[in-house]
Amino acid sequence: MLRDTLKKLLSVYGPSGNEHAVAETVKSLIAAHVDNMRVDAMGNLIVEKYGADENGKRILFSAHMDHIGFIVTDIDENGFLRVHNVGGVSPRISSARHVVFENGTEGVLYCQPLKGEEMAMKHLFIDIGAESRQEAEQYVLPGDMAVYAPDYFELGDHRMASPAMDDRCCCALLCELMMYLDEPKNTVIGVFSSQEEVGIRGAKTAAYSVNPDMGVGLDVTAWGDTPEVKLPAIQLGKGAAVKFMDRSMIATPAVRDALLQAAADAGVPVQREVLPFGGQDGSAIQHTRSGVPAGCLSIPCRYVHSPAEVIDLRDLEGALRILLKFVENV
Ligand SMILES: [Zn+2]
């Protein structure tokens, strides 16, 4: 079930460049449902389900495994860790947070007094309970990464919050797609990509190596339905969103329209997304080699890049039905 798959994936440590535990979890979930799985040098997990029709297309879907975090830059003589952001972290919402390292070391991320300056990453530090540099170094070294402590909780009947919703919700979607595909005529390739949050790096090499006939990025998008937030014109619970444009791509009309058609055929509500900022794996697919027709299906998500990113599971379930129809229609 989508909800259970999602919960498993939300619990796993995986900042950019350290996605191996997420890849292992995905493998364990879908090994029985795909024909081929491999992890490449960038840490992308690439899975393939062969199509029955030898003249069928090769369709790539990409969802990123990594999420934002903090990398230790220095440890002071009193055992406090200085950090830099990994991906788009807002210093303003990072203070007074529970954070965790890969080895299980826990800490409190906090902000020093600002003295009139605007808050920046250089003002943040992590307190892991150590009383000296020597003691801290027994647990953490410069280069280690921390993430907001893994968590998820349900809001109302349909919604869920987690610091890793971006983009584990789409990893769950892609897992379920591979599970539900029943002898497709087209070959379906799933890329669980690395390092999206630091510049769409994993999908770039994965798309080149897969060399697909078309591709779709799967990612969260922003929201316009909370107090004083009106744009983008995207609402939670009103369906997945077919992207027209963001800062990384203008969706290929044929792919965009095929996604809209698949939603109509599946009888699932869908929204039209124009995002004035942001980027996602679809752009890496579109720009690989001599160009590949590509689009993006987005899950509306409130409070993106915060410790409580919220989605509506009805949008995710609708997205699964859209993708199944899309693969069938191509
Ligand atoms: Zn994302």
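**A tour of the strands and helices**

Select Glu48, which stands opposite Ile189 in β12. Strands here are DSSP runs of E of at least two residues, and helices are runs of H or I of at least four, both numbered from the N terminus. The model is predicted, with local features needing pLDDT of at least 70 and side-chain atom pairs pLDDT 80 or more, while totals for chains, interfaces and linings use all residues. Residues are numbered from 1 along each chain as its sequence is written, and side-chain values use heavy atoms, without hydrogens and water.

Next, select β2 (residues 45-49) together with β12 (residues 187-193): these strands pair in the antiparallel sense over 5 bridges. Strands count as paired if DSSP finds at least two bridges between them.

Now select helix α4 (residues 165-180), which packs on the sheet and touches β2, β3 (58-64), β12, β13 (214-221) and β16 (294-300). Touching, or contact, means heavy atoms within 4.5 Å. The direction of α4 makes about 135 degrees with that of β13; axes are lines fitted to C-alpha atoms, for helices over the stretch in contact, and angles run from 0 to 180 degrees between N-to-C directions.

Then show the whole open sheet of 8 strands, in the order β1-β2-β12-β3-β13-β16-β14-β15 with mixed pairing. At its edges, β1 (36-39) and β15 (270-274) each pair on one side only.

Finally, turn to β6 (residues 97-101) and β7 (residues 106-111), an antiparallel pair with 4 bridges. In their hairpin, Gly104 takes a positive phi near 95 degrees.
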